[in-house]
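Here is a short walk through one structure. Keep the sequence and the 3D view side by side as you read.

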Amino acid sequence: MKLPPFQALLDEHSTDLYRFCVATAGWGEADDCFQETWIAALRAYPKLRRADNLRAWLFRIAQNKAIDLHRSRGRRPVPVEAVAEMAAAESEAPVLDGQPELWAAVRDLPPKQRTAVFCRTVLGMPYDELAELLESTEDAARHNVFEGLKKLREEWTA
Amino acid sequence: MNEDIETALREAAATLPSAAALDLQRVAGEGLLDVAYATVDSPLGPLVVAATPRGLVRLAYTGSRDEGEVVEDLAGKLSPRILEAPERLDDVRRELDEYFDGRRVDFEVPIDWSLTHGFTGKVLRQTARIGYGKTSTYAEVAGRAGSPRAVRAAGNALGSNPIPVVVPCHRVLRTGGALGGYTGGVERKEFLLRLEGVLA
């Protein structure tokens, strides 16, 4: 089985992956999500059996890292200064992308819908690839995109 | 807001920051950087250099092959965990700079011989012992590698040298003094021999 050089993956997907981390894990966790995803991917890479859908594989890892980070952040006690830092990071967000409320709404979606909405609308991922990422059927992938967008539209137009 | 949500998402995503770099020090620290590579400028054109944790494993002239082909070849032969990591090749770059400047006669960076096997490996290890400004012949290195009659095989071994310059196959000539061939083209061999004062 011939795997492409890992550097090729990094060159091709770094930008999208970082944006995915910001959108789904949040500003405060994006860097950790990004680094942890690549480390986990590097660890597993030589043992991969298939090289035909590396993007779906990579973003599935990222989705799981984002969920883990979210959970551990929720559980561990956060020192007061860190809270202030996080608040500062969040309040810087509008300057950086102009739509922090939109990403906050995306992060309020259930994980699969969050991933589905981002990968479909922002990356233009085909449904068969999205299904592989979500480890679901194509119908389920479509449903996740549809439901996610519906909720966002309700919030966004409210 | 009447703007459609999908357009809003796409537009907002395009303005998200993208300037994130993988922490290569951490990758190496966790033992996940099997092969590091970089491009080094030289008087012979850009060189692709690659190292494993054991040492310098490849030096490739570019021109006939591009960097991408060299990297893909290494991914197949050594490990797909190959990353561009110039800091990992700082010592190699410095020694090459000094060599091409005429300020270095010996390379000290460790060598990883993983890309050589059998007789080729023996011939190249013998070649590595030929000193700066000295020359040998195909027949001599064949003999020192244990097969005095395998002159042609020695020539092939030198032609497949994965680490030219540092493993100085340019110092091996034909019996009688003709230059013979060279991995990077005979003009490069001439350049190196002139640099070392062998040719006027």
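Start where the two chains meet: the contact takes 34 residues from chain A and 28 residues from chain B. Two residues are in contact if their C-beta atoms, placed from the backbone, lie within 7 Å. On the chain A side, helix 1, helix 2 (30-44), helix 4 (80-97), helix 6 (111-122) and helix 8 each supply at least two residues. Helix 1 of chain A gives the most to this side, with nine residues. By class, the side of chain A that touches chain B has 20 nonpolar, eight polar and six charged residues. Here Ala, Val, Leu, Ile, Met, Phe, Trp, Tyr, Cys and Pro count as nonpolar, Asp, Glu, Lys and Arg as charged, and the others, Gly among them, as polar.

A word on the model and its labels. This is a predicted model, in which local features need pLDDT of at least 70 and side-chain atom pairs count only at pLDDT 80 or more, while totals for chains, interfaces and linings use all residues. Residues are numbered from 1 along each chain as its sequence is written, and chains are lettered from A and ligands numbered from 1 in the order in which they are written.

Now take chain A by itself. Chain A has eight helices and zero strands. Helices (H or I, at least four residues) and strands (E, at least two) are DSSP runs, numbered from the N terminus. Of the 158 residues in chain A, 42% are buried. A residue is buried if 20 or more other C-beta atoms lie within 10 Å of its own, exposed if 12 or fewer, and partly exposed in between, with C-beta atoms placed from the backbone. Take the contacts in chain A between residues at least 6 apart in sequence: 68% of them join residues at least 24 apart.

Ser14(A) is partly exposed, because 17 other C-beta atoms lie within 10 Å.

Next, look at a pair of helices. Two packed helices are described by the angle between their axes and the distance between the axes. In chain A, the axes of helix 5 (residues 100-107) and helix 8 (residues 138-157) come within 10 Å and cross at roughly 140°. Axes are lines fitted to C-alpha atoms, for helices over the stretch in contact, and angles run from 0 to 180 degrees between N-to-C directions. Leu102(A), Ala105(A) and Val106(A) in helix 5 meet Leu152(A), Glu155(A) and Trp156(A) in helix 8. The residues of this contact divide into five nonpolar, no polar and one charged.

Move to helix 7 (residues 127-134) of chain A. Its buried residues are Leu130(A), Ala131(A), Glu132(A), Leu133(A) and Leu134(A). Glu135(A) sits in the loop between helix 7 and helix 8 of chain A. Its phi is near 55°, a positive value in a residue other than glycine. Glu135(A) is exposed, because 11 other C-beta atoms lie within 10 Å.

Chain B has a counterpart to compare. Val165(B) also has a positive phi, near 75°, in a residue other than glycine. Val165(B) lies in the loop between helix 7 and strand 6 of chain B. Is Val165(B) buried or exposed? Val165(B) is buried, because 23 other C-beta atoms lie within 10 Å.

Chain B is divided into domain 1 (24-100) and domain 2 (118-195). Domain bounds come from an automatic or database domain assignment. The C-alpha centres of the two domains of chain B lie 23 Å apart. Their contact takes seven residues from domain 1 and eight residues from domain 2.

Finish inside. The largest nonpolar core holds 95 residues, and Cys21(A), Ala62(A), Val106(A), Ala36(B), Val49(B), Ala50(B) and Ala154(B) touch the most other members. A nonpolar core is a set of buried Ala, Val, Leu, Ile, Met, Phe, Trp, Tyr and Cys residues joined through C-beta atoms within 7 Å. Helix 1 (residues 6-25) of chain A gives the most to this core, with nine residues. The core also draws at least three residues from each of domain 1 and domain 2 of chain B.
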